[in-house]
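Morning, everyone. I have one structure to walk through today. Please take a look at it first.

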Amino acid sequence: MGQSFQGEFVMSLQGKLVMFRQTAAYLSAGVLAASLGACAVPGPQPGEIEIRTGVIEQITRVQLPSNHHAGVGAVVGGLAGLGIGSLIGGGTGRDVAMVAGAIGGAVAGNEIEKRYDQPVPGQQVIVRTGNGVLVSITQPLNPNLFQGQRVYIEGYGEGARVVSR
């Protein structure tokens, strides 16, 4: 009877030790999550734009690639040609007209797209911010900007733009 009491006592202690370890692990994870959350710096919220001030040091004219999406003209032309081809004839003749219309429309759409796929005039603007850091921003041409002008830099990264103050 003494052996079984000791066995039950040891098993009870082992169960409590397992529960203690699980509780300690959960508490440690909670403390770590709370600590990391407190250290997090909130980023820009949707609709917010970062604005910095500075003075234009240099403006260089550049050519920006067109904002047209490559291949859209061929796809739209092909779909239009397919639609028009489906209105012609019936049976096998209709199928042939649809294929010919799709190919012809794709070729025509691609040629039209090439005509509008020209570089856009732009400018690289170098701005010295209030804390002395130089920032370079490439953007579409803004003829209202000039060297020595006080400006705002709106946004950051690829979306940044220089605008008059």
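This is a predicted model: local features need pLDDT of at least 70, side-chain atom pairs count only at pLDDT 80 or more; totals for chains, interfaces and linings use all residues.

An α-helix has 3.6 residues a turn, so residues three or four places apart point the same way.

How far does H2 reach? It runs over residues 72-85, which is 14 residues. From the first C-alpha to the last it spans 20 Å, close to the 20 Å expected at 1.5 Å a residue.

Now the sheet. It is open and has 5 strands, in the order S3-S2-S1-S4-S5, with antiparallel pairing. Which strands form the edges? They are S3 (134-140) and S5 (161-164), and each pairs on one side only. Neighbouring strands in this sheet are turned by 40 degrees against each other on average, ignoring direction. In general, strands of a sheet pair through backbone hydrogen bonds, either parallel or antiparallel.

Let's zoom in on strand S4, residues 150-154. Toward S1, the pairing is antiparallel over 5 bridges. There, Val55 has Arg150 in S4 as its bridge partner. Toward S5, S4 is joined by 4 bridges, again antiparallel. Tyr152 stands opposite Val163 in S5. Val151 has Ser164 in S5 as its bridge partner.

S4 also has two faces. Val151 and Ile153 make up the covered one. Arg150, Tyr152 and Glu154 lie on the uncovered one.

Last stop: charges. Side chains of opposite charge can pair when their charged atoms come close. How many salt bridges are there? The count comes to 1. The side chains of Glu57 and Arg128 meet at 3.3 Å, N to O. This pair links distant parts of the chain, with Glu57 in strand S1 and Arg128 in strand S2, 71 residues apart.

Glu57 is partly exposed, with a relative accessible area of 34%. Arg128 also counts as partly exposed, at 33%.

That's the tour. Questions, please.

Note on methods:
Residues are numbered from 1 along each chain as its sequence is written. Side-chain values use heavy atoms; hydrogens and water are left out. The expected span of a helix is 1.5 Å times one less than its number of residues. Two strands pair if DSSP finds at least two bridges between them. Axes are lines fitted to C-alpha atoms, for helices over the stretch in contact, and angles run from 0 to 180 degrees between N-to-C directions. A salt bridge is a side-chain nitrogen of Lys or Arg within 4 Å of a carboxyl oxygen of Asp or Glu. Buried means under 20% relative accessible area, exposed over 50%, partly exposed in between (1.4 Å probe, protein chains only).
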